Amino acid sequence: MTERHRPGVYSIAAHSGFADALVAGLLSRYRDPDLGLARLTLLLPSRRAARTVSEAFIRLAGDGLLLPRMAVVGDLDLDETLGPLLDPMGAGAEIAPAADPTRRWLRLAEHIRDEMGGNAPHGAALLRLAREQADTMDRLLVEDIGPEELLSERVVDLLGDLSGHWQDGLRLFARVQARWLAELQERGELDASARRNRLFDHAARRWKLAPPQTPMVAAGVTSAAPSLARLLRVIAEMPGGAVILPDLDLAMKDAVWAELGCAGAPAEVGGPPFARGDAVTHPQYHLKLLLNRMGIARTEVQPWHRAGLAAAQPERSRAISNLFLPPQASACWVDLPSAQRRLSNMRLMESANPEEEAQAIALLVREALEQPERRVAVITPDRGLAGRIVAHLRRWHIEADDTAGQALPHTPAGRLFLIFAEVMAEAAAPVALMALLEHPFAGGGEGRAEWLDHARALELRLRGPRPQPGLDALDPLIAEMARLRPAIAAWWAGLRRLLDPLMAQGSEAEAGLSQLLDTLVSAAQGLCGDALWAREDGRALAALVEDIRAQAEAVGTRLDPRELPAVLRDAMERVAVRPAWGAHPRVAIYGLLESRMTRADLMICAALNEGSWPAAPAPDPLLAPEVLRALGVPGADFRIGLAAHDLAGAMGAPEVVLSRAQRDAQGPAIPSRFLLRVRALLGADLLARHLDQQAVVYARALDHAQPAPVYRQPEPCPSAAQRRVDISVTALDRLRSDPYQFYAQAILRLRALDPLDAEPSAAWKGTAVHEILRRWHTQGGMLRGIALQTLQEMNAHPLMRSLWRPRLLKGLEWVELQIGGQDGRRPIVSELSGEMRIRGIRIHGRVDRIDALPGGELAIVDYKTGSPPSGREVESGYALQLGTLGLMARADAFAGVKGEPTRFEYWSLGKSRVSETGFGYVSEPVREGQKKSGIPRDDFLSVAQHFLDDALDRWILGTEPFTARLNPDVAGYADYDQLMRLDEWMGRQGASGEAEGPA
């Protein structure tokens, strides 16, 4: 076929810079004076690689140039890209079209449901399993492994040794794959991976018989798929053809090359293609696998004849080769001279945490840009770290886009669409509803300010426990708000017209996935207009939604609306949104895939920790590792070798920084095995020269500030006029235990806001109990019926009602029995407000219940949903509610109540061992009998009067400061801890009580 003595397979060394060296060689070898490179066809591994090579052409070509035709080997439409090169006469073999990936995903879910029957997962879990099935099928198809091989002897022999779940997974996989292949045959389609294999084989056959008349070069393609390897072999043997590999180590000794393992070429016929001892984590292993499948010996590979603009010294490639030696060969490190261990212009940087690492890397980038035309690239698999670096660079107005992109759910458009799904699934729960109404895209335009005004007003009213599901439950609330702001009624009516279809669809037990998406799109369009779809994230969202909608309609996929957010989130996570333009021309931030074939003057490799670079191996969820090995599929550790190759390529730059953080979000981090190899190779004598913490020092100094003086314990002293405020009976306890909280609440008039969808607080439960008992005392009737009706009217969420209601009803049943069994004692008032004035200060409060005793005395009763105050707290003056109410009753503060209070009782609805219902007991903080704490009954009111006068003398009518946490041992609320900056001074006071350090 050709007179060439050896195939045209070349390697560009790591130090040369792949893209620039490739372009430099192509220009010298294939450039035509008239047509430039227009006759050349260039096969590349990815669209990102095509963009990188195009940029290299722009840098090196100088004047105008016709670029070569670039085709990506992974494209489904590769045959259309290559056009007549594959089929000059149009009479080639017909290759069936590829099945739509989304349709396959949805159909696999149906097949799994049919196979598993009642044991099949539902909703998002089922579709997730279908996605895993599809990924495993593709993994086998790429390796040219057909479904019949699952029944081969080498796989069947393993079944008995597998655990039960692996056996079940293998059976399920085989049956679902058989169903799907039968459907494909009926439709006349192929899986995308299978079609790609047939396309490669068709091209290999045609080009072997009739090579194209124009040159063909495959560059940077390292996939070892058998069909692709066969095609590359044909290209290498074409006249004018070439296969150019990145970073193949041609200087590696033959013994070391053999130590890598068989790599798809077993020593014995019929042996496993991947032996247990293979060094699959070595950066050269996948290249050896590719060469073996191409049938090319390493000795036949020639070095590429050109280097790039950003090339390092050739010694760098030798050092990288030594760095990644397999275990036995690495024993030679002991005897390596310093010249072969030296990694000149390579620095090692270690930070305390990811934030510090990002700041230090941003400083390195900023420093590099000071030199004209100097290019810098940051490579990291950690997208969170990449985002921090981008944010830090904005400090100097440097816009650096993360070319790995941002997951669609994390973009404004993707997040908003998920919120619409959550509103539907959760029946307009407060968190989802307010996230929707206050999203930047909602209510845009001239009316945005008024829209936010209404939304924020609604949010204030929704804070607290979750109301009943649906928008109907909020109508009474809106009607109440409309009394003060009439415009909100029209705003709510318009909003309901948009969201009512969501509520109707979400209330169904099951609906078509396409119908659910149509409903979401209509609501989103109505609320946001074109703003949702206008940017790159909106366009990516539109394409994804339309794809799923169309295929779900064709397949007939049905889904529980409550599962829709999880399904959409899983689908969106697979879509990366990349910015179209606007980045700094000399700064790039890459993921590992995007970094391949790139080169810059300074390469910063970040997040070099185990679990990040390299990532933790993820085993196949359906097929056991033993089964994959028997089938000839590379194991999970194979990806570690790819990550090592990515690092080796980056380390070939003229200047390199290897960076890691000592801790990550989970805790202390383990250095990457690659970084540990660098340290070991350098040895103690060279390591110190390569450590560079200067950027870390600058990062710490950049945000350094002098330690703030210790904040003193707050002691506000308002004026005499500001102090004269009314005191409620409950606030008196707060005034004595923590004067600062009284100051914040009564004088500053600050109130803590409940979060949205809050757990029912003790205060909320107390309000419910008091309202139930008030109605029962004033209206009579059955207490249980009144309780159920009141809870319904309070618009509480059904789940909350069902969890708390049984306990509440048992406690109320005890109250009913207790009152009915009292002899000669009867309630005379309930939930009655009153007030009295002492020295010009209004004392006010509401008494839960007052009973008349047989002798004409009074009993003051306070209901508690939890534990009542202890006798010690009452005795110390920190729980004066009963005593103060008794003083008010004695002063005729409550209409219709006359008499001397002699009993002071807490009626708790908490658990009780002696109660007939298991809940409810009476506690009286009176010291009598065997009790050792409390106030004597005869002194109860006088002691309460003393504490009341003391509070008035010291704070309300006096000049004593409202000291924060004056009595820290007293249990209280934490509503104002942040306002008083509690953590800044609590526990730091000296023995004298004053804060340590400067004021």
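Strand β1 (residues 9–12) pairs with β6 in the parallel sense, over two bridges. Within this pairing, Y10 is placed opposite Q302 of β6. In the predicted model, both strands belong to an open sheet of six strands, ordered β3-β2-β4-β5-β1-β6, in which the pairing is parallel. The edges of this sheet are taken by β3 (69–72) and β6 (302–303); each has a single partner strand, so one side of each is left without a neighbour in the sheet. Helix α9 (residues 226–237) lies across β1, β2 (41–44), β4 (216–219) and β5 (242–246). The direction of helix α9 is at about 120 degrees to that of β5.

A further open sheet contains five strands, in the order β7-β16-β15-β8-β14, and is likewise described by parallel pairing. From one strand to the next, the twist averages 15 degrees. Inside the sheet, strand β8 (residues 376–379) is joined to strand β15 (residues 602–605) by four bridges, and the two run parallel. A377 stands opposite M603 in β15. Helix α27 (residues 673–690) packs on this sheet and touches β7 and β16 (655–661). The direction of helix α27 makes about 100 degrees with that of β7.

The peptide bond from W613 to P614 is cis, with omega near 10 degrees. P614 is located in the loop that runs between β15 and α25 (625–631). The other feature is at A428, which is not a glycine but has a positive phi of about 60 degrees. A428 is part of the loop between α16 (412–425) and α17 (430–437).

A428 also takes part in the lining of a cavity.

Confidence in the prediction was examined along the chain. The mean pLDDT is 88, and 95% of the residues of the chain reach 70 or more. Over residues 88–92, pLDDT stays under 50, and the model has four contacts beyond four places in sequence for this segment. Residues 991–999 form another segment where pLDDT stays under 50, and there the model has 16 contacts beyond four places in sequence.

Conventions:
Residues numbered from 1 in each chain as written. Predicted model: local features only at pLDDT ≥ 70, side-chain atom pairs only at ≥ 80, totals over all residues. Heavy atoms only, no water. Pairing = 2+ DSSP bridges. Axes fitted to C-alpha atoms, helices over the stretch in contact; angles between N-to-C directions. Contact = heavy atoms within 4.5 Å. pLDDT = per-residue confidence, 0-100. 1 Å grid on protein atoms, 1.4 Å probe; cavity = no way out; pocket = protein on both sides within 12 Å on 5 of 7 lines; lining within 4 Å.
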